[in-house]
Amino acid sequence: MRLKVLGAYGASDAEHNLTGYLIDDWFAVDAGTLTSKLSFAQQGRIQGVFITHPHADHIRDLPHLIHNRFSQNVGSLTIFAARDVLDLLVRDVFNGIVWPDFSEIVSPLSGKPAVHYRALTPGKRITFNDVALTAVPVDHQIPASGVILELNGQSIVFTGDTGPTQEIWKRTNKTPNVVAVVTEASFPNDQQALADETAHLSPQTFGEELKKITVDAPVYASHRKIPYERDIESQIRNLRDRRARVLLEKNYTL
Ligand SMILES: [Zn+2]
Ligand SMILES: [Zn+2]
């Protein structure tokens, strides 16, 4: 599978982008960065997007993606999230105040609503076109679920933001042919207390999570906070685990 990393940081400036991933050009995971890095035509090709949690850095471009889709003659975009996450998105974002609820407005171009919501039951595997998705809860400050995504015989795991966690690793270890795990390391080791309080990982706790993962695949640290990106990178390297990598904003072929 092809993984296009549109945003690999937990903050943004002119050279760093918020969390957003695109698989084989048609399925997205998180929407911090989608519209800001994709052409109108590329946005029109996205068929589904999985949202890990409603923090602004993971949904920033979602209202704009929906709006752009509304102005194109394309099928509905399916927004997937664990049920508790989807309920928050609809209540707090697509509520007719912050943004319209485009699931209830028919596009004059396509004759269909621009979006369709699909709430996932944690741990239950569902299929959508060629992809299988399993939402698995993680440990963050608010309701949050990562996703195990299976496509053409390969699997990839995205935790989204999380502190130390268990369930998604148990599932990962039972999943066939995992080709990559994308998790996070937001703060450097000298800010461990802040990482713990905000339910994020540092390279040190990323290293502890690595011990829970038995699959032999690269495990990427995403969501670095900008001022500490070099520190985090060297601390990940110092873990001396050949699976441990820092996620870069580039295209990966897995
Ligand atoms: Zn975040
Ligand atoms: Zn978050």
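The largest nonpolar core holds 67 residues, and Tyr 21, Ala 28, Val 49 and Ala 81 touch the most other members. Strand S5 supplies the largest share of this core, five residues. A nonpolar core is a set of buried Ala, Val, Leu, Ile, Met, Phe, Trp, Tyr and Cys residues joined through C-beta atoms within 7 Å. Buried means 20 or more other C-beta atoms within 10 Å of the residue's own, with C-beta atoms placed from the backbone. This is a predicted model: local features need pLDDT of at least 70, side-chain atom pairs count only at pLDDT 80 or more, and totals for chains, interfaces and linings use all residues. Residues are numbered from 1 along each chain as its sequence is written, and chains are lettered from A and ligands numbered from 1 in the order in which they are written.

Ala 81 contacts (C-beta atoms within 7 Å) Phe 50, Ile 51, Leu 86, Leu 89, Ala 119 and Leu 120, residues up to four places away in sequence being left out.

Strand S2 spans residues 20-23. Helices (H or I, at least four residues) and strands (E, at least two) are DSSP runs, numbered from the N terminus. Gly 20 and Leu 22 point one way, Tyr 21 and Ile 23 the other; all are buried. S2 pairs (at least two DSSP bridges) with S1 in the antiparallel sense over four bridges. Ile 23 is the bridge partner of Leu 3. S2 and S3 also pair in the antiparallel sense, over four bridges. Here Leu 22 stands opposite Ala 28. Three residues separate S2 and S3 in a hairpin, where Asp 24 in the turn has a positive phi of about 45 degrees.

Key
Buried ≥ 20, exposed ≤ 12 C-beta atoms within 10 Å, placed from the backbone. Contact = placed C-beta atoms within 7 Å.
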